[in-house]
Amino acid sequence: TPPLLEVNDLKKHFPIRGGFFGNTTGYVYAVDGVSFHINKGETLSLVGESGCGKSTVGKALLRLFAPTSGQVVLDGRRIDDLSQGQLRPIRRRVGVVFQDPFSSLNPRMRVKDLLAEPIRNYGLAKNGAELDERLAKLMDLVRLPRDAVSRWPHEFSGGQRQRICIARALAGEPDLIICDEAVSALDVSVKAQIVNLLQDLQRQLGLAMLFISHDLAIVEHMTHRVAVMYLGKIVEVAPRRSLFGAPKHPYTEALLSAVPVPEPGAARKRIVLTGDVPSPINPPTGCRFHTRCPYAFDRCKTDVPELQQTQPGQWAACHLHDLPEARNPLSRSLPA
Ligand code: SF4
Ligand code: MG
């Protein structure tokens, strides 16, 4: 079956305005040729350090701004070139949950009005009784008491507010939800509850999920596949077990080395990345990671590595995989 979402060579370059006339003096290459897919009912996590472009990918999918180029195909239909009017009926198929449950709910609206807005916009309730029924169902789904709908956002804790945001994301009966650092601002114990809720909802409703996060420990616990971004590009995509067990990109390996290993006695190679993430205004030539990569060699400074399949379902953009196996430090396979 074809994937629910397909993203092909997506780019988002923000112009930098400067000079006396406010003319364009350069670009921020925030997203620079990103391709991936998400299957129905699947979670794909998009990970990387802050500023790597992962949130920009999420926003471009939602058309919170138009992509510079590339294609977005939802359920077989291109949506990147639709007008805002044409997008309206499609919007309900993609829900979104942002990081901050405090600022993303209008404090002057009761929960019922916050949720009624999308339900009415999408034409999912013909009358008051149908609306009440939908509101009750949404409260049940996110495990809040049904009378929560008549209360105000400030009456809830952070975790409860994030449940309300999830209810709002589900209001249009989406096929896909985008969670952009959706648990990052929550306390540790609440984090786990919300992640479990998202997983349960996904199974119950058959939802696909794009889980944007910098927190690999959480991702390891809940994802099906992972895409790793560095400076506007995906450097590795793999199923969860392969990515965490035998990463095929030096950047993934470095990110993982900072994540605690669940099993006692097991260890990951410790790699400390030196230097800051370079600016996306002037990304390094060749492999964008070459200024920080512990394995960089001559070719890395000049040739841009393309994603290549190293194992079934595992793709990495790194010249090491063109070397003979004995000279490739990332050639080891998954421990049995
Ligand atoms: Fe490191 Fe070179 Fe691979 Fe880039 S292509 S990740 S610099 S070894
Ligand atoms: Mg972000």
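Predicted model: local features only at pLDDT ≥ 70, side-chain atom pairs only at ≥ 80, totals over all residues.
Residues are numbered from 1 along each chain as its sequence is written, and chains are lettered from A. Local features need pLDDT of at least 70, while totals for chains use all residues.

**Exercise 1.** Work out how the 336 residues of the chain are packed overall.

*Solution.* 
- Start with the elements: the chain has nine helices and twelve strands, taken as DSSP runs (helices H or I, at least four residues; strands E, at least two).
- Next, take the extent: the C-alpha trace spans about 70 × 60 × 40 Å along its principal axes.
- Now compare with a globule: a compact one with 336 residues would have a radius of gyration near 20 Å, and the chain's 21 Å agrees. That radius is taken over C-alpha atoms, and the rule is 2.2 Å times the number of residues to the power 0.38.
- Finally, look inside: buried residues make up 38% of the chain (20 or more other C-beta atoms within 10 Å of the residue's own).

**Exercise 2.** Describe how helix α3 (residues 111-121) meets helix α5 (residues 158-170).

*Solution.* 
- First, the geometry: the two axes come within 8 Å and cross at roughly 25°.
- That angle makes α3 roughly parallel to α5 (angles under 35 degrees count as such).
- Then list the partners: Val111, Leu114, Leu115 and Pro118 of α3 meet Ile164, Ala167 and Arg168 of α5, with contact meaning C-beta atoms, placed from the backbone, within 7 Å.
- Last, sort them by class: six are nonpolar, none polar and one charged (Ala, Val, Leu, Ile, Met, Phe, Trp, Tyr, Cys and Pro are nonpolar; Asp, Glu, Lys and Arg charged; the others polar).

Note on methods:
Axes fitted to C-alpha atoms, helices over the stretch in contact; angles between N-to-C directions. Parallel < 35°, antiparallel > 145°, perpendicular 65-115°, else oblique. Contact = placed C-beta atoms within 7 Å. Buried ≥ 20, exposed ≤ 12 C-beta atoms within 10 Å, placed from the backbone.
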